[in-house]
Amino acid sequence: MNAAGTHKRRIGVITTSRADYSHLYWPLRELSAHPDVDLAVFALGAHLSPEFGSTLKEIERDGFPIQARIECLLSSDTDTGMAKTIGVAILGLADALTAWRPDILLLIADRYEMLAPASVALALRIPIAHIEGGEVSQGAIDDQVRNALTKLAHIHFTSTATARQRVIAMGEQPERVHHAGAPSLDHLKRSPRLDRATLEAKLAIKFSEPTILAAWHPVTILADTNMEADALFGALAAAPGQLLFVYPNSDAGSHALIERTRALAAMRGNTRVFINLDAITYWSLLAQVDCMVGNSSSGIMEAASFALPVVNVGMRQQGRERAKNVIDAPADTAAIQAAIHDALRPEFRAALRGMSNPYGNGTAAKTIAHILTATALEGLLIKQPAPLTEGANGALPAEDPPPVIVVSPRPVELPRQATAVTIFVDPPAMSRSQKGTIFGHISFVMGDQAFPSAGYTDLAVAFICVWLDAIELLSQPVFGGCFGVGGGLGAARVHLAQRLGGSAGRLHAHAAKGAVAAVHGCGRANAERLRGARLDGPRYPDAGRQSEAWAQGAAAAAGR
């Protein structure tokens, strides 16, 4: 009880690793100082693992009350190990949260281990508060974990205004969703950073220009979680100056990454590897290095506060909001090297002076603590459903038929009655490098046949863009004869070659050929649904063999 004789509010906080603990430090500090809060920390996962630095001792050193220490992280390097870790964590948390049942359980971010406390809290009817929902990282299973936690949570703290909009769009009540900012940024205002000399002494290094900080994690959405690592390590082996590497997360493939990192450090001079850096040391390091390279969220969320140039590689952080300090590069050695060169240019660094960080200004912890202590507990478990959008006559809007695009990387035999073909693409969520490379999951689906790719090349996307242009032209009345069986096909090709050809070269010619065949097989009504449809992608003057193969595939798919 508190001084007034009333029961304190029990707030439990889950932490699984050094990464989320650095984000939770200041919310924990605010909650521990609150007179009406009974705080308990539940530590699990990598915190108890010697392989990842046994970071539980940081929590003990900081003096936060640890209610339970739950051993659950399997010493495995597979996705099966990750799945079993969730199961073991559930068993331990079921007992721990039953013995000390909080009024609210605070979770953060998107680590797969967080599914365990969320599942246990659901069964035990414990309200969940979640930090950093509504963000996007399409290259990792974290994206699905984050969205699952959002739907299981009852109070939401988002890092950006856009993230708040996404959480509300998922059906969460607006009054439950609070734009707090990223709590990791509170260190910027409230934690004293180490000066250069002190940092050098602590890390036993001497900074030499340029100093590159590398942070790379397995890309868990891929079957081979280290598929993109070859390009990164190839670029870093040839990178200039000093290289400082930090350990990866405890995901499938992390052990292989650690061995590879050690091998690079042994082969490359002026390279150091750090198993674990506490939050103050890490923040101090961000203030001293010249560039950061990798696929860590800290390059997106925290580095902007230091106007630090960041080369974000590959698809792991695809779709996440980013500031102008981030240069996106595909998982290609030459592209990464070029991006590092750009990031290290003095002109680029100078252009970042005075920039703002979209993830907040270092006041998140106070907002989070206030909401957690002030929110009424009565009725918190019962969430209201999102209102359904009604049409003008009060009825729900009918489902629009999918747009028809016959697209295939290889000839496909159509069924007797052709089914609509749908293209799934999210241009706003696609990130691209300054050279225009598209990173994005694009799937072309025909009936029950799908042709997915983790990231089509510029060339393929450019071909499809021109193809859509051609189909839009074909839906105009002047080409009406193209849509009848056997009518106007040759004439349409000639017209399109004239309209789209010329200096554009074979790309347009093949796109015209494929588009005519596609529309001829689909019919005018379906083609007209494509008017206005676009992919956000570059145009290339010559598609070569690839565009020809796509056009031939399109013609075959359209029944030619």
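Visitor: What kind of model is it, and how are residues numbered?
Guide: It is a predicted model, where local features need pLDDT of at least 70, side-chain atom pairs count only at pLDDT 80 or more, and totals for chains, interfaces and linings use all residues. Residues are numbered from 1 along each chain as its sequence is written, and side-chain values use heavy atoms, with hydrogens and water left out.

Visitor: What is the average pLDDT of the protein chain?
Guide: It averages 79, and 68% of the residues score at least 70. pLDDT is the predictor's confidence in each residue, from 0 to 100.

Visitor: Which stretches have a pLDDT below 50?
Guide: Residues 477–490 are one of them, with 25 contacts in the model beyond near neighbours in sequence. Residues 553–560 are also below 50. Contact means heavy atoms within 4.5 Å.

Visitor: How many helices and strands are there?
Guide: The protein chain has 20 helices and 18 strands. These are DSSP runs numbered from the N terminus: helices are H or I, at least four residues, and strands are E, at least two.

Visitor: What share of the residues is buried?
Guide: Buried residues are 54% of the 560 in the protein chain. Buried means under 20% relative accessible area, exposed over 50%, partly exposed in between (1.4 Å probe, protein chains only).

Visitor: Switching to packing. At what angle do α1 and α15 pack?
Guide: About 45°, with the axes of α1 (residues 18–33) and α15 (residues 364–374) 8 Å apart. That makes α1 oblique to α15. Angles under 35 degrees count as roughly parallel, over 145 as roughly antiparallel, 65 to 115 as roughly perpendicular and the rest as oblique. Axes are lines fitted to C-alpha atoms, for helices over the stretch in contact, and angles run from 0 to 180 degrees between N-to-C directions.

Visitor: Which residues of α1 meet α15?
Guide: Trp26, Pro27, Glu30 and Leu31 in α1 do, and their partners in α15 include Ile368 and Leu372.

Visitor: Now the backbone. Where is there a cis peptide bond?
Guide: One joins glutamate 209 and proline 210, with omega about -10°. Proline 210 sits in the loop between α8 (196–203) and β8 (211–215).

Visitor: What about the phi of alanine 109?
Guide: Alanine 109 has a positive phi of about 65°, though it is not a glycine. Most residues other than glycine have a negative phi. Alanine 109 lies in the loop between β4 (104–108) and α4 (115–124).

Visitor: Is alanine 109 buried or exposed?
Guide: Buried, at a relative accessible area of 12%.
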